[in-house]
Each structure stands twice: as C-alpha cells, then as structure tokens.
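Please open the structure in your viewer and keep the selection panel at hand.

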Amino acid sequence: MSASRTRQLSLPPFEWVLAEHAAAVLRFLTRAAGVEAEDCFQETMLAALRAYPDLQHGTNLRGWLMTIARNKVVDNGRASARRPLPVEELEVPAAPTDGTGPDTDLWELVARLPAKQRRAVGMRFVEDRSYEDIAGAMSTSQDAARRNVHEGVKKLRRSMR
Amino acid sequence: MTVADGVLERSLEQFRRRAEREGLVEVAYTTMDTPIGTLLLAATPAGLVRIAFAEEVEEALIRLSGTLSPRLLELPGRLHEVRRQLDRYFSRRLHEFDLTLDRELLGPFVRRVLERTAAIPYGSCASYSELARQVGSPRAARAVGNAVGANPIPVVIPCHRVLRTGGALGGYGGGLDRKRFLLSLEGALR
C-alpha cells in the first residue's frame, strides 16, 4: 500500500506458513462458515499461495491470511445465497504476538475498516484483484469499487499517522 | 469451537492436490531416510534441483524459497521417481541415475565442472586436477574444487567420486564419513 515499501523480502517457504497458521485459519473458518469451512479453507489457501510471492510485508502472515479468509467467508455466503454473516460480529483472532512490526498494526487497522471498504481493500491489495473483479464480487459498479478502496486507504493513512 | 481430528490433515491434503493441479507449486520437496541419514529432495517443474543432507535441510529450504520461489510445498508425489532411483542406488541395484536435473541455478563454470563430474563412472574416481584438465582449465584445480563443493545435487551428481591427486579423500559437503560410505558402497574403497 505504501510506495516506500518496495524492498524484496525473502519469504519463508509456503509450507512453513501452513505449518504455523493453517490450524488457526481452519478454526476461524469453522466458526465463521460452519459446514462450508473446508471449501473456504481451500479458497483461502489457494488465493494466498497465488499472491504469496508478491507479498511486500512478511511480518504478519497470520493477519494477512485472516484477511483473505474473512473475504472468502463473505464471498461464499453470497455465492450460496445464505444470509451473509455480519462480518463485524465474527470473532477476529488476535494477531500473533511475534508479529510486532508495523504490519501487525496495519492488519488490525484493516480489520477495523467498515465491511465494504475492508473487503474492497483486501481484494485489491491482499489478493491483487482488478477493480472489475472487485465490482463483480461485491455486486457494485467499478466506480463504487474504486471508491471503496480509495476511502479505505484514506482511512488507513489517517489512522496510521 | 475446535476442529475435529483429521479435518486439518484432510484439508491440507486436498489443498496440496489443488495447488499442484493449478500449477501453483514452483518447488516441491520431500524427505527420505537413507543409510547416510535423512535427505531433502527438491524439484522444480524443470527437474531435480537440490538434494541436501539432514543438517542442511532448513537452510536449503530457506535458500530455495529465496532464490527460486516461496511457492514451495511438500509434495512427495513429485519426487517419487527420484526416491525410487535413490532407493535402488543405496541397495546397489542402480549404478547410473536417469533423472532430469534443473541446472538453472548453476553458473557456467560450475555447470561445466559438474557435467564432467557426472560422467565419472560408478565405482571409480577422478582427481580435482584431472577434472580441471577436462574442463580446459588445467591450472584451476582449486576453482574446480570449489565448483565441486558447490554441487547442489550430491549423490546424484557424484561429487563424492572426486578425490585429491594421489588418492587422499579431500573434502565433502556432507562430511567425510558420508563420502567414505558412498565410495565403499560403490566398491571404490575397501
């Protein structure tokens, strides 16, 4: 999100990310998506693996995975026409205590954004999806998708000051 | 709410299968037990890229993640043929490996030296200076030694067959006990 953070990080093997965080992600999804937890888990981890090499910030992988997982729960609710879970009510697992870098705060701030902005920001920057894609997933116009991302980023900037 | 036993394993298993099917795994690895200890085997879609000894496994995975791709998953299926040939090698039923190697990471000089190394027949040895002559740099025995030492695929590229001129064992990335074991296995040492 911030242009200054372009240094290429060397990321741990994805296998180690699984070893450390997969159980927590699945626990969260079991609470949040019930019988669809396993499907959401697959979608979450595949999206994460796809985006992983381009990740600019490796300090809070748990928060990053949870952001993807939350979005998948919402997508899944929409697709199966279940009443979407009010995401604000989902219990957000605490960030791991080892991730004390600035990104820990970043993901906490992302988690606190209003639902629409959080989803849009997550899809744009966590999963690297296009505005067209985001508009489709959220059933809005592309302009609205851009606005949601823009407003979300603005709010993040303000709260990081 | 807790996750029932086995659900995590099943979910991970399914994830690995889908990741592989969708072409998202750029480095696959597994480990195997052998008479010279646990070996790490790692492959890219282009071929076998790394074999590491037990004490090097963690470091090797970090380096593969950094230099090739962090899309690195444990996928034993992709290493099945490598494991099969190594099993046969360690039980003396296979003398020549027939495996596709990924040499992308090697510089041109190391690549040339390792090509000559791979041509040393089972059960025999060559010296660093012989190899130096063969790659056309007869005075570069030391550089050849370094290149042999940088072999990322030991055992399969048989750098254990390279000795000092005069027959002293020289060095080995995996330690001299392993070098001695491999040479004895092949009947080159008594």
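A residue is called buried if 20 or more other C-beta atoms lie within 10 Å of its own, exposed if 12 or fewer do, and partly exposed in between. The model on the screen is predicted, and every value below is computed from it.

**Stop 1: chain B as a whole**

Select chain B. By the definition above, 33% of its 190 residues count as buried. Its C-alpha trace spans about 70 × 35 × 25 Å along the principal axes. In a cartoon view, chain B shows seven helices and six strands, and these follow one another along the sequence in the pattern α-β-β-β-α-β-α-α-β-α-α-β-α. Consider next the contacts in chain B between residues at least 6 apart in sequence: 57% of them join residues at least 24 apart.

**Stop 2: chain A as a whole**

Now select chain A. Here the secondary structure comes to seven helices and zero strands, so that the pattern read along the sequence is α-α-α-α-α-α-α. Of the 161 residues in chain A, 39% are buried. Among its contacts between residues at least 6 apart in sequence, 68% join residues at least 24 apart.

**Stop 3: where the two chains meet**

Display both chains together. How many residues of chain A are in contact with chain B? There are 22 on the side of chain A, and they touch 22 residues of chain B. Helices H1 and H2 (37-51) of chain A each supply at least two residues of this side of chain A, and H1(A) provides the largest share, nine residues.

**Stop 4**

Two packed helices are described by the angle between their axes and the distance between the axes. Select residues 14-33 of chain A, which form H1(A), and residues 7-21 of chain B, which form H1(B). Their axes come within 11 Å and cross at roughly 115 degrees. The crossing of H1(A) and H1(B) is right-handed. To see the contact itself, show the side chains of A:Leu18, A:Ala22, A:Ala23 and A:Leu26 on H1(A), together with B:Val7, B:Leu8, B:Ser11 and B:Leu12 on H1(B). Of these contact residues, seven are nonpolar, one is polar and none is charged.

An α-helix has 3.6 residues a turn, so residues three or four places apart point the same way.

**Stop 4: the largest nonpolar core**

Select A:Val25, A:Leu29, A:Leu65, A:Ala69, B:Leu41 and B:Ala42. These residues touch the most other members of the largest nonpolar core, which has 81 residues. H1(A) gives the most to this core, with nine residues. Centre the view on B:Ala42. Leaving out residues up to four places away in sequence, B:Ala42 touches B:Val27, B:Tyr29, B:Val49, B:Arg50 and B:Leu64.

**Stop 5: helix H2 of chain A**

Return to H2(A), which has 15 residues. The distance from its first C-alpha to its last is 21 Å, close to the 21 Å expected at 1.5 Å a residue. Colour its buried residues: A:Ala37, A:Cys40, A:Phe41, A:Glu43, A:Thr44, A:Met45, A:Ala47, A:Ala48 and A:Leu49.

**Stop 6: helix H5 of chain A**

Select residues 115-126 of chain A, which form H5(A). At 1.5 Å a residue, its 12 residues should span 16 Å, and the end C-alpha atoms are 15 Å apart, which agrees. H5(A) is mostly covered, since nine of its 12 residues are buried; among them are A:Gln117, A:Gly122 and A:Val126. Just after H5(A), A:Asp128 takes a positive phi of about 60 degrees.

Within this helix, pick A:Arg118. A:Met45 is 73 residues away along the chain, and its C-alpha atom is separated from that of A:Arg118 by 19 Å.

**Stop 7: B:Ser129**

Finally, select B:Ser129, which lies in helix H5 (residues 128-134) of chain B. B:Ser129 counts as partly exposed because it has 17 C-beta neighbours inside 10 Å. Beyond its neighbours within four places in sequence, B:Ser129 is in contact with B:Ala141 and B:Thr165. B:Val144 is 15 residues from B:Ser129 in sequence, and their C-alpha atoms are 7.9 Å apart in space.

Key: Residues numbered from 1 in each chain as written. Chains lettered and ligands numbered in written order. Predicted model: local features only at pLDDT ≥ 70, side-chain atom pairs only at ≥ 80, totals over all residues. Axes fitted to C-alpha atoms, helices over the stretch in contact; angles between N-to-C directions. Helix = DSSP H or I, 4+ residues; strand = E, 2+ residues; numbered from the N terminus. Left-handed = near helix turned anticlockwise from the far one by under 90°. Contact = placed C-beta atoms within 7 Å. Nonpolar A, V, L, I, M, F, W, Y, C, P; charged D, E, K, R; others polar. Core = buried A, V, L, I, M, F, W, Y, C linked by C-beta atoms within 7 Å. Expected span 1.5 Å × (residues − 1).
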